[in-house]
Amino acid sequence: MKRAMLSAFLPLATASAVVGLTAAAEANERDKKFFQQVEGEWVGPGEIVAGKYKGTKFTCSFTGSTPEASVGMTLDGSCRVGVFTQKMSATVERKGSGYRGTFMDGAAGKGLDVVSGNVDGRRVVLGLNRAALKGAMIARLSDDDAMTVTVSVRVEKQMVPVIGMNLKRVDGAAVGSVAQK
């Protein structure tokens, strides 16, 4: 009886494992495709829409790249407010079923940790943490050359948008005085 149960269970367990691996491989390919669409040069305006610095406008310039050996992305660049420029960087990489990474130097420094993430079609939602601060960043590709980024923080039980950006792909083409090349 035990042998009969094992012989019936083994094919089911094997099939489940294969289906699980196939689903994970498909998710990796879908996610990798999204991140590859973020490769290139991006510039555009942003604004702080809530909090102490509400109304502050800035302009950012980023270069997006993807790692060869894993699923994820890196954005390097800077944002400018008036005459002041601040270097900006973010790295996110698939770890298990979610994503991990850092914004700036991570929560151990003056930045944020990326603690989770999910790619859904043409957008990625990343969970952000720094001590008691919990938030999320949503990056959505509205088309191949336009991306909106919203950063929200949790206030009590509600997510409140605090930063919004509208980036355009420039990929080396000069765009006024904003392009760095």
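The questions and answers below concern a predicted model, and they take up the strands, the disulfide and the nonpolar core.

User: In which order do the strands of the closed barrel run?

Analyst: The barrel is closed and is made of ten strands, with antiparallel pairing. From one strand to the next the twist averages 25°. The order in which the strands run is S1-S2-S3-S4-S5-S6-S7-S8-S9-S10.

User: How many bridges join S2 to S3?

Analyst: A hairpin connects S2 with S3 by way of six residues, and the two strands run antiparallel. Within this pairing, Ser65 stands opposite Thr74 in S3. The number of bridges that join S2 to S3 is seven.

User: Which residue in S2 is the bridge partner of Gly46?

Analyst: Strand S1, residues 40-48, pairs with S2 in the antiparallel sense, and eight bridges are found between them. Gly46 has its bridge partner in S2, and that partner is Phe58.

User: Which residue in S5 is the bridge partner of Thr91?

Analyst: Strand S4 covers residues 84-95 and strand S5 covers residues 98-103, and six bridges join these antiparallel strands. The bridge partner of Thr91 in S5 is Thr102.

User: How far apart are the sulfur atoms of Cys60 and Cys79?

Analyst: A search of the whole structure finds one disulfide, and Cys60 and Cys79 form a disulfide. Cys60 lies in strand S2 (residues 57-65) and Cys79 in strand S3 (residues 72-81), so the link ties together parts that are 19 residues apart in sequence. With an angle of 105° about the S-S bond, the link of Cys60 and Cys79 is right-handed. The sulfur atoms of Cys60 and Cys79 are apart by 2.0 Å.

User: Is Cys79 buried or exposed?

Analyst: A residue counts as buried when its relative accessible area is under 20%. Cys60 has a relative accessible area of 1% and is buried. For Cys79 the relative accessibility is 10%, so Cys79 counts as buried.

User: Which residues is Phe35 in contact with, leaving aside its neighbours within four places in sequence?

Analyst: Phe35 is among the residues with the most contacts inside the largest nonpolar core. With neighbours within four places in sequence left aside, the residues in contact with Phe35 are Thr66, Val71, Gly72, Met73, Val92, Tyr99, Val119 and Val124.

Definitions and conventions:
Residues numbered from 1 in each chain as written. Predicted model: local features only at pLDDT ≥ 70, side-chain atom pairs only at ≥ 80, totals over all residues. Heavy atoms only, no water. Disulfide = S-S within 2.5 Å. Helix = DSSP H or I, 4+ residues; strand = E, 2+ residues; numbered from the N terminus. Buried < 20%, exposed > 50% of the residue type's maximum accessible area, 1.4 Å probe, protein only. Core = buried A, V, L, I, M, F, W, Y, C linked by side-chain atoms within 4.5 Å. Contact = heavy atoms within 4.5 Å. Pairing = 2+ DSSP bridges. Axes fitted to C-alpha atoms, helices over the stretch in contact; angles between N-to-C directions.
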